[in-house]
Amino acid sequence: MTLGTPSSQAYGEPWYWDNRYAHESAPFDWYQKYPALASLIHLYVPHRDERILVVGCGNSVFSEDMVNDGYEDVVNVDISPVVIEAMQTKYSNCQQLKYIKLDVRDMSPFQAGSFAAVIDKGTLDSILCGNNSRQNATQMLGEVWRVLKDKGVYILITYGAPVYRLGLLKESCMWSIKLHVIAKFGAEGSSEQPTRALTDPILLDESGSSVEDVLGKNPDVHYIYVCTKEPKTKD
(Lines give C-alpha, C1' and ligand atoms only; values in the text may rest on other atoms or scores of the structure.)
Protein backbone atom coordinates (compact mmCIF):
# COMPACT_ATOMS: atom_id res chain seq x y z
CA MET A 1 0.00 0.00 0.00
CA THR A 2 1.30 3.46 -0.82
CA LEU A 3 0.30 6.75 0.69
CA GLY A 4 0.49 8.78 -2.48
CA THR A 5 2.26 12.11 -2.62
CA PRO A 6 1.67 14.22 0.50
CA SER A 7 1.85 17.97 0.65
CA SER A 8 5.33 19.07 1.64
CA GLN A 9 3.95 20.48 4.90
CA ALA A 10 2.99 16.96 6.02
CA TYR A 11 6.68 16.07 6.28
CA GLY A 12 6.90 18.36 9.28
CA GLU A 13 4.12 16.62 11.20
CA PRO A 14 4.65 13.55 13.45
CA TRP A 15 1.32 11.94 12.41
CA TYR A 16 2.52 11.68 8.83
CA TRP A 17 5.53 9.55 9.79
CA ASP A 18 3.54 7.20 12.03
CA ASN A 19 1.07 6.70 9.19
CA ARG A 20 3.80 6.19 6.61
CA TYR A 21 5.77 3.64 8.64
CA ALA A 22 2.62 1.77 9.64
CA HIS A 23 1.88 1.12 5.96
CA GLU A 24 5.33 1.08 4.35
CA SER A 25 7.76 -1.14 6.23
CA ALA A 26 10.36 -1.63 3.49
CA PRO A 27 13.68 0.13 4.21
CA PHE A 28 14.00 3.53 2.59
CA ASP A 29 16.93 5.97 2.50
CA TRP A 30 16.20 9.64 1.99
CA TYR A 31 18.46 11.58 -0.35
CA GLN A 32 21.60 9.40 -0.31
CA LYS A 33 22.69 5.91 0.71
CA TYR A 34 25.73 5.21 2.85
CA PRO A 35 28.09 3.95 0.10
CA ALA A 36 27.70 7.26 -1.72
CA LEU A 37 28.63 9.24 1.41
CA ALA A 38 31.17 6.88 2.97
CA SER A 39 34.26 8.81 1.84
CA LEU A 40 32.92 11.99 3.45
CA ILE A 41 31.99 10.18 6.68
CA HIS A 42 35.49 8.71 6.81
CA LEU A 43 36.98 12.19 6.37
CA TYR A 44 35.05 13.88 9.17
CA VAL A 45 34.49 10.90 11.50
CA PRO A 46 37.77 9.00 11.13
CA HIS A 47 37.63 7.15 14.46
CA ARG A 48 35.27 4.19 14.27
CA ASP A 49 34.94 3.95 18.07
CA GLU A 50 33.41 7.43 18.41
CA ARG A 51 29.76 7.72 19.44
CA ILE A 52 27.57 8.88 16.54
CA LEU A 53 23.96 10.12 16.51
CA VAL A 54 21.69 9.71 13.48
CA VAL A 55 18.63 11.98 13.76
CA GLY A 56 15.36 11.17 12.01
CA CYS A 57 16.62 7.67 11.28
CA GLY A 58 13.36 6.24 9.95
CA ASN A 59 13.77 2.71 8.62
CA SER A 60 16.93 3.49 6.69
CA VAL A 61 19.77 0.95 6.43
CA PHE A 62 22.28 3.82 6.57
CA SER A 63 23.25 3.08 10.18
CA GLU A 64 23.48 -0.65 9.52
CA ASP A 65 25.89 0.12 6.69
CA MET A 66 27.94 2.29 9.03
CA VAL A 67 28.26 -0.59 11.47
CA ASN A 68 29.22 -2.92 8.62
CA ASP A 69 31.91 -0.35 7.79
CA GLY A 70 33.35 -0.64 11.29
CA TYR A 71 31.58 2.06 13.31
CA GLU A 72 30.97 0.71 16.78
CA ASP A 73 28.38 2.95 18.48
CA VAL A 74 25.58 4.41 16.36
CA VAL A 75 22.58 5.85 18.20
CA ASN A 76 19.43 6.47 16.16
CA VAL A 77 16.47 8.66 17.09
CA ASP A 78 13.12 9.31 15.44
CA ILE A 79 9.89 10.97 16.51
CA SER A 80 7.79 8.01 15.30
CA PRO A 81 7.23 5.28 17.90
CA VAL A 82 6.00 3.03 15.08
CA VAL A 83 9.33 2.99 13.28
CA ILE A 84 11.44 2.94 16.44
CA GLU A 85 9.66 -0.16 17.73
CA ALA A 86 10.15 -1.85 14.36
CA MET A 87 13.86 -0.97 14.24
CA GLN A 88 14.43 -2.07 17.85
CA THR A 89 13.01 -5.44 16.93
CA LYS A 90 14.95 -5.68 13.68
CA TYR A 91 18.30 -4.89 15.30
CA SER A 92 17.77 -6.44 18.72
CA ASN A 93 20.88 -8.60 18.26
CA CYS A 94 23.14 -5.78 17.06
CA GLN A 95 24.76 -4.12 20.08
CA GLN A 96 26.38 -1.42 17.94
CA LEU A 97 22.96 -0.01 16.99
CA LYS A 98 20.55 1.66 19.40
CA TYR A 99 17.10 3.05 18.56
CA ILE A 100 15.33 5.61 20.76
CA LYS A 101 12.02 7.42 20.31
CA LEU A 102 12.93 11.09 20.66
CA ASP A 103 11.98 14.55 19.41
CA VAL A 104 15.09 16.29 18.05
CA ARG A 105 13.88 19.58 19.50
CA ASP A 106 14.37 18.13 22.99
CA MET A 107 17.11 15.54 23.36
CA SER A 108 17.44 16.01 27.11
CA PRO A 109 18.01 12.26 27.73
CA PHE A 110 21.46 12.84 26.20
CA GLN A 111 24.08 14.70 28.19
CA ALA A 112 25.88 17.66 26.71
CA GLY A 113 28.93 16.68 24.67
CA SER A 114 27.76 13.08 24.20
CA PHE A 115 28.53 12.62 20.51
CA ALA A 116 31.43 13.11 18.13
CA ALA A 117 29.09 13.46 15.15
CA VAL A 118 25.43 14.02 14.33
CA ILE A 119 24.21 12.92 10.90
CA ASP A 120 21.03 14.38 9.41
CA LYS A 121 19.60 13.17 6.10
CA GLY A 122 16.50 15.29 5.60
CA THR A 123 15.33 15.81 9.19
CA LEU A 124 15.99 19.55 9.27
CA ASP A 125 14.34 19.77 5.84
CA SER A 126 11.25 17.99 7.18
CA ILE A 127 11.02 20.33 10.15
CA LEU A 128 11.27 23.31 7.83
CA CYS A 129 8.18 22.00 6.01
CA GLY A 130 5.99 22.08 9.12
CA ASN A 131 4.25 24.66 11.26
CA ASN A 132 6.43 27.06 13.30
CA SER A 133 9.27 25.87 11.09
CA ARG A 134 11.87 28.49 11.94
CA GLN A 135 11.36 28.16 15.70
CA ASN A 136 11.41 24.36 15.54
CA ALA A 137 14.52 24.32 13.35
CA THR A 138 16.32 26.66 15.73
CA GLN A 139 15.39 24.43 18.68
CA MET A 140 16.66 21.37 16.83
CA LEU A 141 19.97 22.99 15.90
CA GLY A 142 20.45 24.15 19.49
CA GLU A 143 20.01 20.58 20.70
CA VAL A 144 22.38 19.23 18.04
CA TRP A 145 24.95 21.79 19.21
CA ARG A 146 24.44 20.83 22.85
CA VAL A 147 24.89 17.08 22.41
CA LEU A 148 28.02 17.46 20.27
CA LYS A 149 31.49 17.46 21.75
CA ASP A 150 33.71 20.46 21.11
CA LYS A 151 35.04 20.05 17.56
CA GLY A 152 32.27 17.53 16.90
CA VAL A 153 30.58 17.68 13.49
CA TYR A 154 26.98 18.06 12.38
CA ILE A 155 26.74 16.56 8.88
CA LEU A 156 23.61 17.93 7.22
CA ILE A 157 22.51 16.41 3.91
CA THR A 158 19.83 18.66 2.41
CA TYR A 159 18.22 19.97 -0.76
CA GLY A 160 18.65 23.50 0.65
CA ALA A 161 21.12 25.70 -1.24
CA PRO A 162 23.37 28.06 0.76
CA VAL A 163 21.04 31.01 0.24
CA TYR A 164 18.38 29.03 2.18
CA ARG A 165 20.52 27.26 4.79
CA LEU A 166 23.60 29.32 5.63
CA GLY A 167 21.70 32.05 7.46
CA LEU A 168 19.79 29.56 9.60
CA LEU A 169 22.93 27.62 10.48
CA LYS A 170 24.98 30.72 11.30
CA GLU A 171 22.23 32.32 13.36
CA SER A 172 21.64 29.19 15.45
CA CYS A 173 25.12 28.38 16.77
CA MET A 174 28.80 29.12 16.42
CA TRP A 175 29.60 26.69 13.60
CA SER A 176 32.60 26.48 11.33
CA ILE A 177 30.97 25.40 8.07
CA LYS A 178 32.25 23.55 5.01
CA LEU A 179 30.10 22.74 1.99
CA HIS A 180 30.25 19.65 -0.20
CA VAL A 181 27.93 18.57 -3.02
CA ILE A 182 26.82 15.23 -4.43
CA ALA A 183 24.64 14.37 -7.42
CA LYS A 184 21.07 13.38 -6.58
CA PHE A 185 19.83 9.86 -7.22
CA GLY A 186 19.35 9.33 -10.92
CA ALA A 187 21.37 12.40 -11.82
CA GLU A 188 24.51 10.62 -13.00
CA GLY A 189 23.82 11.58 -16.60
CA SER A 190 22.85 15.15 -15.83
CA SER A 191 24.87 17.88 -17.50
CA GLU A 192 24.67 19.74 -14.21
CA GLN A 193 26.49 16.99 -12.27
CA PRO A 194 29.47 18.41 -10.37
CA THR A 195 32.82 17.11 -11.53
CA ARG A 196 34.61 17.81 -8.24
CA ALA A 197 35.29 15.03 -5.75
CA LEU A 198 32.81 14.67 -2.89
CA THR A 199 35.55 15.29 -0.34
CA ASP A 200 36.63 18.53 -2.04
CA PRO A 201 34.76 21.39 -0.29
CA ILE A 202 33.39 24.41 -2.13
CA LEU A 203 34.56 27.82 -1.00
CA LEU A 204 31.70 29.63 0.72
CA ASP A 205 30.99 33.32 0.91
CA GLU A 206 28.25 35.00 2.93
CA SER A 207 25.72 35.01 0.10
CA GLY A 208 26.49 31.59 -1.35
CA SER A 209 27.17 33.13 -4.77
CA SER A 210 30.48 31.26 -5.03
CA VAL A 211 28.48 28.02 -5.10
CA GLU A 212 26.52 29.18 -8.10
CA ASP A 213 29.78 30.12 -9.83
CA VAL A 214 31.08 26.57 -9.32
CA LEU A 215 27.94 24.55 -10.04
CA GLY A 216 25.84 26.70 -12.33
CA LYS A 217 22.38 28.09 -11.62
CA ASN A 218 20.39 24.81 -11.42
CA PRO A 219 22.65 22.05 -10.08
CA ASP A 220 20.94 18.69 -9.65
CA VAL A 221 22.69 18.04 -6.34
CA HIS A 222 22.24 17.56 -2.66
CA TYR A 223 24.15 19.99 -0.47
CA ILE A 224 26.16 18.66 2.46
CA TYR A 225 27.02 21.13 5.21
CA VAL A 226 29.70 19.93 7.60
CA CYS A 227 29.29 22.13 10.68
CA THR A 228 32.02 21.89 13.27
CA LYS A 229 31.17 22.92 16.84
CA GLU A 230 33.64 25.59 17.81
CA PRO A 231 34.31 25.71 21.55
CA LYS A 232 33.25 28.88 23.30
CA THR A 233 36.17 31.15 24.10
CA LYS A 234 36.58 32.66 27.54
CA ASP A 235 36.54 36.44 27.77
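Student: What makes strand β1 count as mostly covered?
Tutor: In β1, residues 51-55, four of the five residues are buried. Keep in mind throughout that this is a predicted model.

Student: What makes β1 and β4 a pair?
Tutor: Four bridges join β1 to β4, and the two run parallel. With at least two needed, they therefore count as paired. L53 has V118 in β4 as its bridge partner.

Student: Which elements make right-handed β-α-β units?
Tutor: One unit is made of β1, α3 and β2. Another consists of β2, helix α4 (residues 81-90) and β3. They are called right-handed because, with the strands pointing away from the viewer, the path from the first strand over the helix to the second runs clockwise.

Student: How do you know that the buried residues of α4 lie on the same side?
Tutor: The buried residues in question are V83, I84 and M87. They cover an arc of only 100° around the axis, so they are on the same side of α4. On the other side of α4, E85 and T89 are exposed.

Student: Which residues are buried in helix α2, and what covers them?
Tutor: In α2, residues 34-44, the buried residues are Y34, L37, A38, L40, I41 and Y44. Their cover includes α3 (62-68), β4 (115-121), β5, β6 (175-183) and β7 (221-229).

Student: Why is M140 called buried?
Tutor: M140 is in helix α6. Its relative accessibility is 0%, and buried means under 20%, so M140 counts as buried.

Student: What does M140 touch, leaving out residues up to four places away in sequence?
Tutor: M140 touches V55, V104, R105, D120, T123, L124, I127 and Y154.

Student: What makes a set of residues a nonpolar core?
Tutor: The members are buried residues of listed nonpolar kinds, joined through side-chain atoms within 4.5 Å. The largest such core has 36 residues, and L53, M107, F110, Y154, L169, W175 and Y225 have the most contacts inside it. Its largest share, six residues, comes from α6.

Student: What does L53 touch, again leaving out residues up to four places away?
Tutor: L53 touches V75, V77, M107, F110, F115, A117, V118, I119 and V147. There is also a second, separate core of 35 residues, which includes L40, V45, M66 and I157.

Student: Why is N132 called exposed?
Tutor: N132 is found in the loop between α5 (123-129) and α6 (133-147). Exposed means over 50%, and N132 has 55% relative accessibility, so it counts as exposed. N132 also has a positive phi of about 50° although it is not a glycine.

Student: Why does K151 count as exposed?
Tutor: K151 has 51% relative accessibility, and the cut-off is over 50%, so K151 counts as exposed. K151 is placed in strand β5, residues 148-158. Its phi is near 70°, a positive value in a residue other than glycine.

Student: How many helices and strands does the protein chain have, and what share of its residues is buried?
Tutor: The protein chain has eight helices and seven strands. Buried residues make up 48% of its 235 residues.

Student: What share of the contacts joins residues at least 24 apart in sequence?
Tutor: Among contacts between residues at least 6 apart in sequence, 72% join residues at least 24 apart.

Conventions: Residues numbered from 1 in each chain as written. Predicted model: local features only at pLDDT ≥ 70, side-chain atom pairs only at ≥ 80, totals over all residues. Heavy atoms only, no water. Buried < 20%, exposed > 50% of the residue type's maximum accessible area, 1.4 Å probe, protein only. Arc of directions from axis to C-beta. Contact = heavy atoms within 4.5 Å.
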